[in-house]
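Q: Hi! Could you walk me through this one, starting with how the helices pack?
A: Happy to, here it is.

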Amino acid sequence: MGSRYGGLKQIDPIDDEGHIIIDFSLYDAYRAGFRRAVFIIKPEMERDFREVIGNRMKKIMEISYAFQRLDALPDGYAVPEGRVKPWGTGHAILSCDGLIDAPFAVINSDDYYGREAFKLIYGFLSKVKDNKKYQYSMVGYKLGNTLTDFGSVARGVCEVNEDNMLLSVTEHTRIEKHGDKAEFTEDGGESWTELPMEKTVSMNLWGFTPNMIAELKNRFPEFLEIGLKINPLKCEYFLPSVVSELINEDKAEVKVLRSADKWYGVTYKEDKETVVNAIASMKARGDYPEKLWE
């Protein structure tokens, strides 16, 4: 819902033609070879979302909707009194149970990833086959290409080996740009730890085989057992955390596909001008037509 942005940032136009960020992601995905899309939304967003993007896109791609509901919990669990926060990215993907039967990519709707990212992930998914381990992938970005000048961001900071295989993802929920440095805090700003600008981070552009849905489903009760005791109103079932568990259990391998593109997003209202200017520049040099779907 864009608590820091101040509105429905997913459907806020970023050019004179009325395109929203996900238009450019879908355009790049289509160019790469994708032909199906599942929109994961809150039920109360459905009407606006269909009017702004869904009805238009169903003429181009096969479109489905998954609804992330707060009360979509396993038997024996209930929403804590006062909880309004969604259960996180892992729960969002779990909302697609029954809708996915092929290798699939995951993106955030309010992030601009760049054309190269979709080519990389489609190339991997079009050939992937699980063996003794699940075969997953992730597009990694340089941390310095993913920061905003207007506040903190959450990023999955990655450890990657020499073969470009993911070793772990650590979710840092408050990373800030301080001058020419990036730093994170875990204690509300009392202390800060520097992160190298070249560090690989996840922007939630993942490639999975369909078994990921079953893994998310099987692990969700264990997350709730712990999370509801520690932080019942705000605990989140993070997708990168589940990926890290699978790596640590030797059940999955994750290939890191590196993108040199700059990420753009609208974490804060002030970010919008940066995104608008970047899209205008890309159109001017011919990366995109003025009207994407004509």
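**Helix packing and aromatic pairs**

A: Helix α5 (residues 211-230) and helix α6 (residues 239-248) pack at an angle of about 100°, with their axes 11 Å apart. Axes here are lines fitted to C-alpha atoms, for helices over the stretch in contact, and angles run from 0 to 180 degrees between N-to-C directions. Helices (H or I, at least four residues) and strands (E, at least two) are DSSP runs, numbered from the N terminus.

Q: How are α5 and α6 oriented to each other, then?
A: Roughly perpendicular. Angles of 65 to 115 degrees get that label, while under 35 counts as roughly parallel, over 145 as roughly antiparallel and the rest as oblique.

Q: Before we go on, what kind of model is this?
A: This is a predicted model: local features need pLDDT of at least 70, side-chain atom pairs count only at pLDDT 80 or more, and totals for chains, interfaces and linings use all residues. Residues are numbered from 1 along each chain as its sequence is written, and side-chain values use heavy atoms, with hydrogens and water left out.

Q: What does Ile93 touch?
A: Leaving aside its neighbours within four places in sequence, Ile93 is in contact with Ile40, Phe104, Val106, Ile213, Leu216 and Leu239. Ile93 sits in helix α3 (residues 89-94). The C-alpha atoms of Ile93 and Ile213 are separated by 7.1 Å, though the two are 120 residues apart along the chain.

Q: Is Ile93 buried or exposed?
A: Buried, with a relative accessible area of 6%. Buried means under 20% relative accessible area, exposed over 50%, partly exposed in between (1.4 Å probe, protein chains only).

Q: New topic: how many aromatic pairs are there?
A: The structure holds 17. Rings of Phe, Tyr and Trp (its six-membered ring) pair if their centres lie within 6.5 Å; planes under 30 degrees apart count as stacked, over 60 as edge-to-face and the rest as tilted. One of the pairs is Tyr136 with Phe208, which is edge-to-face at 4.9 Å centre to centre, with 90° between the planes.

Q: Where do Tyr136 and Phe208 lie?
A: Tyr136 is in strand β5 (residues 134-142) and Phe208 in strand β10 (residues 200-208), so the pair ties together parts that are 72 residues apart in sequence. Both Tyr136 and Phe208 are buried.

Q: And what about Phe220 and Phe223?
A: That pair is stacked, 5.9 Å centre to centre with 10° between the planes. Both lie in α5, three residues apart, about one turn of the helix. Phe220 is buried at 2% relative accessible area, and Phe223 counts as buried at 15%.

Q: Last one: which value stands out for the backbone of Asn204?
A: Asn204 has a positive phi of about 60° although it is not a glycine. Most residues other than glycine have a negative phi. Asn204 lies in strand β10 and counts as buried, at 13% relative accessibility.

Notes. Contact means heavy atoms within 4.5 Å.
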